Amino acid sequence: MSNVLKSSIFKLLRDRTFHVTLIVGGILAVLISLIYYIIDLSLSTQTNGPIHAMATGSNMLLNSVSPVQNFGIAIPINLINIIVAEFTYGTIRNKVIVGYRKTQVYFGLFIVGLIFSLTLAFFYVGFSVALGCIFGGFNPSGSYTSLVRNLSGAAIAEYIGMAICVYIFITSLALFFATVFRHVGGAITVNILVLIFFMILPIIFLATFSSDEEVRNAANAVKWFDPIFYQSITVNLALASLVAFDQDANFVAGIISPLIYAAIFFFLGMYIFAHRDLK
Amino acid sequence: MEETYIVETHNLTKTYSGRNVVNNVNMHIKKGSIYGFVGENGSGKTTIMRLIMGLSIPSKGDYSLFGVDWKKSEIYKIRKNISAIVETPSLVVSMNAYDNLKYACYYCGIKDLSIIEPTLKKVGLDNVPKNKKVKNFSLGMRQRLGIAVLLLSSPKLLLLDEPMNGLDPEGIKEVRDIIYDLNKQGITILISSHILSELEKVATDWGFISHGNLLEEISSQELNDKCAKSIEVGYHDGNKLEEAIKKIGISNYKNSSNSSFRIFDDIKPLDLLNKLKSEGVEIEDINTSHGSVEEYYFDLVRNGGNNNE
């Protein structure tokens, strides 16, 4: 098993897609922080003093850590590219021929997928936060995040913990569709459609229910079924300030839900992979 | 003494969309043999190879590798003795030749990476620039690199599906030499190729397949005997030769030109020569005229797997 992992990691580090995605992440972080900085500058001209509302480390953290916003979306797309290439060029079959079980090969792909996702995510988040801090400090008084979110150290750790679980789910989902479709176009399309479905799920509840109480109850229920509930921009913008969440229950739901989905897609994908012929 | 088979299949069947692409195949590959696998496109050769490699799951029937049934858990250990090229070598096109071999070393569990350079040299890729990616390789270079990957793991069984595809004559010869050398080292080889003339030079055993049915398994010696369709006898005196032919009991012959007779009866050339000499016939020359493997295969398909008539 360690040989499968060693070879897959070696291949990943040599993969151009990995390096290109890393560069794209860096460029995106610079662009977004610059845009936020320009917004802050334009706000500053309307007031007496300097404004650090958007281009702050904390705001960049909350914006960049989400696996379903901006760069987060690029990660599963590129991961699918890498996995499908294993099928296209037949490199995956070499491991089966020399005696690895298909379940081992699939597990190896999952681990490499996780390394890919988390490395890129940590790089992007770290770089974004560093840029935000340079422009406006971490969480100055009056910043957007200081108004809408509790940003204690524990809250940040919980948010990052939940985001890691969502990355595990997203990796499992991307691997599943790449394995089932073995075709970049189909796998990416369906993968994005599934993510969009989970992203708009809270909007459906917002549109369906009118009173705060109803929305609150719906949100408290759906957070157990929507693996990206806390990373969804709709939640951040529309529900966060509206719904008085129970912090502990939120954290449990934010951890459990994506992990359950990750496990379902992982084992389903492994079963399909083990029982389907390899070309 | 019982024959040792490295690969043995029992009624092996693979069905796609209700159609048997491999149909009750009973195949036997002897230890140390080079098994030439011949069949038209879509005959089921590649599917059988995929089944043996563990890439596909049989719909019916069984197979064993080195005496171990494919359903047993030991089979995964056994598979470590196998290397294969299916249709085209499976390479990471975004990496160079050296990194491809390094990658293969890692998943094969080879710790000594110093074997990479000599292996590249063996297949003639040692002078390729390091920055040249496999995606810029010619088909021939890719085939060579694919063979280099095979050589790394010191396999006991090699499965080669069209390994000479896209190679120039020099490359074909190199691959043939490699196959021959590996077999000399005791490696059993299953090889399919459309270049039957090349296969003839290396194969020790043959399997002929058509439309998913294994028509015949035969040794090279038997195939040679069967392909030796006629003996051509050159003469000075045609009348005297014909008289002698009749006298020694040859019934199936014809005067093929103004200077030779062709004998189609089942008789060894040396026996015929001795008999004609004893009749006092002066013979100009005597040759066996071989039919090709290709002709043999087509006859086999036409006769539904029976070329004994």
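**Entry 1. The contact between the chains**

I began with the contact between the two chains, to which chain B gives 25 residues and chain A gives 22 residues. I counted two residues as in contact if their C-beta atoms, placed from the backbone, lie within 7 Å. The model is a predicted one, where local features need pLDDT of at least 70, side-chain atom pairs count only at pLDDT 80 or more, and totals for chains, interfaces and linings use all residues. Residues are numbered from 1 along each chain as its sequence is written, while chains are lettered from A and ligands numbered from 1 in the order in which they are written.

Next I looked up which elements give two or more residues to the side of chain B that touches chain A. They are α2 (75–78), β7 (82–85) and α3 (97–108) of chain B. The largest share, 6 residues, comes from α3(B). Helices (H or I, at least four residues) and strands (E, at least two) are DSSP runs, numbered from the N terminus.

I also sorted this side of chain B by class and noted 14 nonpolar, 6 polar and 5 charged residues. Here Ala, Val, Leu, Ile, Met, Phe, Trp, Tyr, Cys and Pro count as nonpolar, Asp, Glu, Lys and Arg as charged, and the others, Gly among them, as polar.

**Entry 2. Chain B as a whole**

I noted 11 helices and 15 strands in chain B. The C-alpha trace of chain B spans about 75 × 45 × 40 Å along its principal axes. Chain B has 309 residues, and 40% of them count as buried. A residue is buried if 20 or more other C-beta atoms lie within 10 Å of its own, exposed if 12 or fewer, and partly exposed in between, with C-beta atoms placed from the backbone.

I then checked the domains of chain B, which are domain 1 (5–211) and domain 2 (225–293). Their bounds come from an automatic or database domain assignment. The C-alpha centres of the two domains lie 43 Å apart.

I took the contacts in chain B between residues at least 6 apart in sequence, and 68% of these join residues at least 24 apart.

**Entry 3. The sheet in chain B**

In what order do the 6 strands of the open sheet in chain B lie? I read the order as β7-β8-β9-β4-β10-β11, with mixed pairing. Two strands pair if DSSP finds at least two bridges between them. The edge strands are β7 and β11 (213–219) of chain B, each pairing on one side only. From one strand to the next the twist averages 15 degrees.

I followed β7(B) to β8 (residues 157–161) of chain B; the two run parallel and are joined by 4 bridges. B:Ser83 has B:Leu158 in β8(B) as its bridge partner. Are the faces of β7(B) buried or exposed? I found both covered, with B:Ile82 and B:Ala84 buried on one side and B:Ser83 and B:Ile85 buried on the other.

Further along the sheet, β4 (residues 34–39) and β10 (residues 205–210) of chain B run parallel, joined by 5 bridges. B:Tyr35 stands opposite B:Asp205 in β10(B).

I also looked at what crosses the sheet. Helix α1 (residues 45–53) of chain B lies across β4, β7, β8, β9 (188–192) and β10 of chain B, at about 150 degrees to β8(B). Axes are lines fitted to C-alpha atoms, for helices over the stretch in contact, and angles run from 0 to 180 degrees between N-to-C directions.

**Entry 4. Cores**

The largest nonpolar core has 140 residues, of which B:Leu145, B:Leu159 and B:Ile189 touch the most other members. A nonpolar core is a set of buried Ala, Val, Leu, Ile, Met, Phe, Trp, Tyr and Cys residues joined through C-beta atoms within 7 Å. Helix α8 (residues 153–181) of chain A gives the most to this core, with 15 residues.

I listed what B:Leu159 touches, leaving out residues up to four places away in sequence: B:Met49, B:Ile52, B:Met53, B:Ile82, B:Ala84 and B:Leu190. Another core, of 11 residues, lies apart from the largest one and has B:Tyr235, B:Ala244, B:Ile250 and B:Ile263 among its members.

**Entry 5. Single spots**

In chain A I checked helix α3 (residues 57–64), which is largely enclosed by the rest of the structure because 8 of its 8 residues are buried. Among them are A:Asn59, A:Met60 and A:Leu61.

In chain B I looked up B:Asn11, which lies in strand β1 (residues 5–16). B:Asn11 has a positive phi of about 50 degrees although it is not a glycine. With 13 other C-beta atoms within 10 Å, B:Asn11 is partly exposed.
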